[in-house]
Amino acid sequence: MSVAMNEGSAPGAAAVRDETPLRRFISDFCESKIAIAGVLGVLLIAIIAIFAPWLSPTNPYDLATVDIMDSRLSPGKQMMSGVTAFLGTDGMGRDMLSAMFYGLRISLGVGVASGFVALCIGVCVGLAAAYFGGRVDMLIMRVVDLQLSFPAILIALILLATLGKGVDKIVIALIVVQWAYFARTVRATAMVERHKEYIEAATCLALSHRRIVFRHLLPNCLPPLIVVGTVQVASAIALEATLSFLGIGLPVTEPSLGLLISNGFEYMLSGKYWISIYPGLALLFTIVSINLVGDRLRDVLNPRLQR
Amino acid sequence: MKNIFTALVAGAALMAASGAVAQEIRIGIAQEPSSIDPHFHNLGPNNGFLSHIYERMVEQDSKQRLRPGLAVSWKPISETVWEFKLRKGVKWHDGSPFTADDVVFTAERAVNVPNSPSSFGTYLKGKTFTKIDDYTVHVSTPKPYPLMVTEMSTIMIISKKNAQGAQTKDFNLGPAAIGTGPYKFVKWQKGDVIEFARNDDYWGGRPKWSKVILKPISSAPTRVAALLAGDVDMIDGVPTADIETLKGNPKVKLSQGISNRVIYLHLDQKRDNSPFVTDKNGNPMDKNPLKDVRVRKAISKLINRPAIVEKVMEGIAIPAGQLVSETFFGNTPNLKPEAFDPAAAKKLLGEAGWGDGFGLTIHGPNNRYINDAKIAEAIAQMLTRGGIVTKVVTMPKNVYFKRASRGGPENSPEFSFILVGWGSGTGEASSPLKSLLTTYDKSKGHGASNRGRHSNPKMDALVVQALATVDDAKRKTLLQKATEVGIGEDQGIIPLHYQVNTWATRPGLRYDARTDERTLAMDIKVVK
């Protein structure tokens, strides 16, 4: 019986043929064309979000340049400043295209930042629960159960009502809402891994708890975490959009996608479709792209689905 | 033969049933009242919807002209005493008779409602009510008081028998909510429904609708959708964005009219270190530019009112240069809406020593006035372009008004620069002058809503003199002068526009627009 001491790769992907686990993973992933489309979509969104200030025709958050006289222009009309509004303007005279680029920046930024911090917290807590077991496990998992039994939107609403407005407050609310999912996932995987021989071996070598948990246990719990992480980023973006749509969270002069949709909702019955449809499509595209990547990751990283 | 008979009976039953349904009216309302207690909160929706239950001695028609209510006649019997003759044969909803005792009781109770966010004391302080006989009341004041009758049209009369010792919650739950009006209070489920039932013994004749259901629907597009879907028969607060489209829709009838409400800005003129006035980078300053009249004038000149009306209000509003529009008593022909003039504004700011600009935060509600949050945002755009870097913070009205009136230290106003509206409950200029511009003095009931704490003794004197002048022409001149000082010279507040309200009904109904913005079921008429 051999003891697997390979660090940083999944046991199922242990080298059989002459290829690295990463290469195998990539070739598996690329078998699905729709997943590749998802990756391209995510890349496109990431580029737009990062380079929004340089890609946007105007700065929609600079009140000195946004002009109320431009309000509700239909797509393709020219604004007072001479710039063409390809997707029209909203009720305050913001160029929709620019507003969407900046909105994506906020949405994606908030989603990724809150997802990452929640993942770190969730992983530490979940691993602690699985590794130490007993009362620690009990206590932690009951807190997780309690947290998961409340609807996410309710917790976020209460938090924002007490914390007030601002991007930082939204990120905090989303972290509080999300960490429990990661904790639960990582604990389940770690519980299985904990009883495997390589952990026993590591324990016999009298390695420190920290080393066992982070160098041996954690790498083997990563695959499901990556999947949950991707899906959670998408759901964080959707939740942020919901909160903005409800008018809490972000200042009105710096709209994210949800607030843009909400602003446009007022004009739905009067035929000014572009104010909410385009940000809506952008949100849809973002979430679908991320979820496609997440789904494919799940398929590829799940040993049971391997042919 | 028997079959035909059954069919006839069934048909008759059906018609009877549909007749009963037709007598029920469902109204989708934009603003829910904050209480069923008529003296808890001097607030537009309360004063409007509670008129179904309670009545006043003097009532106002749709143009705010006075007409007899629970009093049939009134006259001054000396310089300082007014006599009101009460209507005989009026019964409370519980069947007991209405008398002068109820009026005297109401006047005592209405000024002393605990936790009132906005008290009726402003209309009652300084007046003494005396019962002469069961149907005669004398009201005396220390000085001649020509606005007596007008102010009596703001106080809803409650029943002494049912409301003695009652708290606001006793009204909200029902036991004390006994009036003389055309409808009886049935229930209020906050955020969901308010229900009234017909008062069959109403002195003014049996009301048309057997049941009135008010559905608070705060989201404007949802309200319109509810009307189009037939869930409600009528809505108020038709959103400006939809009016153009609804005009062409045969399923909807619109009615529109200017209101007594001016939308305006308060500027902090008291504190030297006003918390929301900063330098351009957002750092606090120990000097408050808003105290300088030239800065206030410059801000007014930086605001493009026609642009707000055209682009934010979609043409459904009228630019304002003073407190009440042209049709109201006390409007002065000498004040026009300030013209948009960035060059002159820049010059004024330079003269005042603020040529480099400064920073400001505008606070406003986001669910009280028509397009309120958008107006605040448009103003921020305009000021920022003029060098005054402006941030926008909007919040729901229940949080906003508390903080705007007394969120600061020692219950002082919290904000520095705010967007608000004022509807003249009396239908003339003294109400806004007294509440918004006279020096804040709680004991006199002056400056009750003066959230910028503007103060000019010259204007105060004019207002006090006007309030004691019986001669209409002279009083009008004094009110006009006071407005010219308070707004023309001092720019104590910055008027933006007069609100124009729109109602929509299903075909077959008609509602005439009211200047006081009220939505009243008894005024909904059936048309062929």
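**Exercise 1. Decide whether Gly264(A) is buried or exposed, and describe its surroundings.**

Solution. Gly264(A) has 22 C-beta neighbours inside 10 Å and therefore counts as buried, a residue being classed in this way if 20 or more other C-beta atoms lie within 10 Å of its own. The model is a predicted one, and in it Gly264(A) belongs to helix 10 of chain A, which runs over residues 257–265. When neighbours within four places in sequence are left aside, the contacts of Gly264(A) are with Asp90(A), Ile275(A), Ser276(A) and Pro279(A). As for Leu217(A), which is 47 residues away from Gly264(A) along the chain, the C-alpha atoms of the two are separated by 49 Å.

**Exercise 2. Describe the fold of chain A from its secondary structure, its dimensions and its contacts.**

Solution. Begin with the elements: chain A has eleven helices and two strands, and along the sequence they follow the pattern α-α-α-β-β-α-α-α-α-α-α-α-α. Next, take the dimensions, for which the C-alpha trace spans about 75 × 50 × 30 Å along its principal axes. Then turn to burial and contacts: of the 307 residues in chain A, 45% are buried, and among contacts between residues at least 6 apart in sequence, 68% join residues at least 24 apart.

**Exercise 3. Work out how helix 6 and helix 7 of chain A pack, and which residues meet.**

Solution. Helix 6 (residues 152–163) and helix 7 (residues 167–194) of chain A have axes 9 Å apart and pack at an angle of about 145°, and their crossing is right-handed. On the side of helix 6 of chain A, the residues that meet helix 7 of chain A are Ala152(A), Ile155(A), Ala156(A), Leu159(A), Leu160(A) and Leu163(A), while helix 7 brings Lys169(A), Ile172(A), Ala173(A), Leu174(A), Val176(A) and Val177(A). Sorted by class, this contact has eleven nonpolar residues, no polar residues and one charged residue.

**Exercise 4. Find which residues of helix 8 of chain B are buried, and how they are arranged about its axis.**

Solution. In helix 8 of chain B, residues 220–228, the buried residues are Ala220(B), Arg223(B), Val224(B) and Leu227(B). Viewed down the axis of helix 8 of chain B, these buried residues fall within an arc of 95°, so they line one face of the helix. Their cover includes strand 1 (24–29), strand 13 (234–235), helix 9 (240–247) and strand 20 (493–505) of chain B. After helix 8 of chain B comes Gly230(B), which has a positive phi, near 85°.

**Exercise 5. Locate the largest nonpolar core and name the element that gives the most to it.**

Solution. The largest nonpolar core has 141 residues, and those with the most contacts inside it are Leu265(B), Ile375(B), Ile379(B), Ala482(B) and Leu496(B). Helix 13 of chain B gives the most to this core, namely eight residues. A second, separate core has 78 residues, among them Phe101(A), Ala152(A), Ile175(A) and Phe245(A).

Notes: Residues are numbered from 1 along each chain as its sequence is written. Chains are lettered from A and ligands numbered from 1 in the order in which they are written. This is a predicted model: local features need pLDDT of at least 70, side-chain atom pairs count only at pLDDT 80 or more; totals for chains, interfaces and linings use all residues. Helices (H or I, at least four residues) and strands (E, at least two) are DSSP runs, numbered from the N terminus. A residue is buried if 20 or more other C-beta atoms lie within 10 Å of its own, exposed if 12 or fewer, and partly exposed in between; C-beta atoms are placed from the backbone. Two residues are in contact if their C-beta atoms, placed from the backbone, lie within 7 Å. Axes are lines fitted to C-alpha atoms, for helices over the stretch in contact, and angles run from 0 to 180 degrees between N-to-C directions. A crossing is left-handed if the near helix is turned anticlockwise from the far one by less than a right angle, and right-handed if clockwise. Ala, Val, Leu, Ile, Met, Phe, Trp, Tyr, Cys and Pro count as nonpolar, Asp, Glu, Lys and Arg as charged, and the others, Gly among them, as polar. The arc is that of the directions from the helix axis to the C-beta atoms. A nonpolar core is a set of buried Ala, Val, Leu, Ile, Met, Phe, Trp, Tyr and Cys residues joined through C-beta atoms within 7 Å.
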